[in-house]
Amino acid sequence: MKQSSIVVIDLGGTKINVGLYRSGKIAYQCIKPFDAQLSVSESIQFILQEINDVKAQDTVAIAIGVPSIVDVEHGIVYNAINIKAWQKVALKKELEQLTQLPVYVNNDVNCFTKGEHSAHSEQGFQNVVGLCLGTGLGAGFVIKDQLYTGTNCCAGELGGVQYLNATFDSYCSGQFFIENFGECGAELAKKANEGDNKAKVAFELFGQHLASAISHLLLIIDPQIIILGGSVAKSYDLFIDSLWLHLQSFPYPNVIKNLIIEQSQQHHSALLGAAQLYLDSQEQQACFAS
C-alpha cells in the first residue's frame, strides 16, 4: 500500500474536503463549497467530479466520511439531517459503479475521531471523544483504543438530543449563531476579537450550552480527553473559559479535574481517519479470508 494512494473525502453540510492519501500522509487536499440542497444524483455527480480531479494513477480506493449514520458494511447512508435528499443513499454501490474502485463509507465524525486518536496515540489516551462543532453537533468515541460506532453507526449523534426548546444541534453548532444573532460564527468571531461585546456574549452563551452537551457525554462515556473540531472550534479561545466555568456544576468534580479538552491541532484528521478506517477494514477482511 505504500506505493499506492487513496482518495479521501470529508463531506459536510456546507463544504467538501477532498484529498489524496499516500504513504501515511495527505499528499494533497482541496476544500470547496458543497450545496446540501442538491438532489441525490446531482450530489453524487458532484462528488464524482471531485474524485476524478484528485485521483492519481496509483489510486486504489476511495474512503469517504459523511454527516449521517451509515451501514458501514454495505456503504448505505441514512437520514442525513443536513443533506435533506440523502435519506437512503447506496453511496458505496453508486460510486463503485462510477469509478470502478473500492469505496469505503463511514460517519464523518468517526473519521475525525479515528484520525485524532492516532495523532494522540503516543500520549497514551485510550478513551477519546472527538466532538465536531460544524453545521451540526456530532461526537465520535474511541473506547480502549477501539472506535465505537454502535449497532447502526448512530453512537455519537449528540446533536439530536433534546435540549431546551430544540436539540443540541441548535445550541452547540454554527446554527446557534445564525438563529440567535443573525450572523455566522466566523463573522461574530471577527467582531468579538475586535472587542464587540455582543459578539463576545454570543460565544460565552455558546460555551454555556456546549458545557451542557459535554456533561451528557461525561456521564455516559467518561473519556480522558475531548478534542474539538469543526468550523466553530476555530473560535475555541472565545468560548473555552465559559465552557470550563459552566462545567464546574458537574456533579462529580473529580471527573472535571481529570478531564482534558483541546482544540484539534491537526489539519487533516478526518481525511487521515477515513484512510485509516479503510485500511483497517481491508486488514479485517484479510484476517477473515485466512
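Trainee: Is R22 buried, partly exposed or exposed, and what is its relative accessibility?

Mentor: R22 counts as partly exposed, because its relative accessibility is 28%. Please keep in mind that this is a predicted model.

Trainee: Which side chain does R22 meet in a salt bridge?

Mentor: The partner of R22 is D58, and the N to O distance in this salt bridge is 2.9 Å. R22 belongs to strand 2 (residues 15-22), while D58 sits in the loop between helix 1 (40-54) and strand 4, so the pair ties together parts that are 36 residues apart in sequence.

Trainee: And D58, is that residue buried or partly exposed?

Mentor: D58 is partly exposed, with a relative accessible area of 22%.

Trainee: How many salt bridges does a search of the whole structure find?

Mentor: The search finds five salt bridges. Among them is the one between D280 and K114, with an N to O distance of 3.0 Å. Here D280 is part of helix 10 and K114 is part of helix 3 (residues 108-119), so this pair ties together parts that are 166 residues apart in sequence.

Trainee: Which of those two side chains is buried, and which is partly exposed?

Mentor: D280 is partly exposed, its relative accessible area being 26%. K114 counts as buried, because its relative accessibility is 17% and the cut-off for buried is under 20%.

Trainee: What other salt bridge can you name, with its N to O distance?

Mentor: The side chains of K191 and E183 also meet in a salt bridge, at 2.9 Å from N to O. K191 is partly exposed, at a relative accessible area of 32%.

Trainee: You mentioned helix 10. What is its mean pLDDT, and where does that place it among the elements of the protein?

Mentor: Helix 10 covers residues 269-289 and has the lowest mean pLDDT among the elements, at 85. The highest belongs to helix 8 (residues 236-247), at 98. For the protein, the mean pLDDT is 93, and 98% of the residues reach 70 or more.

Trainee: Which residues does S269 touch?

Mentor: S269 has its place in helix 10. Leaving aside residues up to four places away in sequence, S269 touches C111, F112, G115, E116 and S264. S269 itself is buried, with a relative accessible area of 4%.

Trainee: Are C111 and C153 buried or exposed?

Mentor: C111 is buried, with a relative accessible area of 1%. C153 also counts as buried, at 2% relative accessibility.

Trainee: Turning to the strands, which way do strand 4 and strand 8 run, and how many bridges join them?

Mentor: Strand 4 (residues 59-66) and strand 8 run parallel, and five bridges join them. In strand 8, V103 is the bridge partner of I62. Strand 8 spans residues 103-107 and is mostly covered, since five of its five residues are buried.

Trainee: Now the rings. How many aromatic pairs does a search of the whole structure find?

Mentor: The search finds twelve aromatic pairs. In one of them, the rings of F206 and F239 have centres 5.2 Å apart and planes at 65°, so the pair is edge-to-face. F206 lies in helix 7 (residues 197-220) and F239 in helix 8, so the pair links distant parts of the chain, 33 residues apart.

Trainee: Do F206 and F239 count as buried or exposed?

Mentor: F206 counts as buried, at 0% relative accessibility. F239 likewise counts as buried, at 0%. Another aromatic pair, F250 and Y252, is edge-to-face, with 6.0 Å from centre to centre and 65° between the planes. F250 is buried, with a relative accessible area of 5%.

Trainee: Which residues do ring pairs link into a cluster?

Mentor: The cluster consists of Y163, F168, Y171, F176, F177, F181, F203, F206, Y236 and F239.

Conventions:
Residues numbered from 1 in each chain as written. Predicted model: local features only at pLDDT ≥ 70, side-chain atom pairs only at ≥ 80, totals over all residues. Heavy atoms only, no water. Buried < 20%, exposed > 50% of the residue type's maximum accessible area, 1.4 Å probe, protein only. pLDDT = per-residue confidence, 0-100. Helix = DSSP H or I, 4+ residues; strand = E, 2+ residues; numbered from the N terminus. Pairing = 2+ DSSP bridges. Salt bridge = Lys/Arg side-chain N within 4 Å of Asp/Glu carboxyl O. Contact = heavy atoms within 4.5 Å. Phe/Tyr/Trp six-rings, centres within 6.5 Å; stacked < 30°, edge-to-face > 60°.
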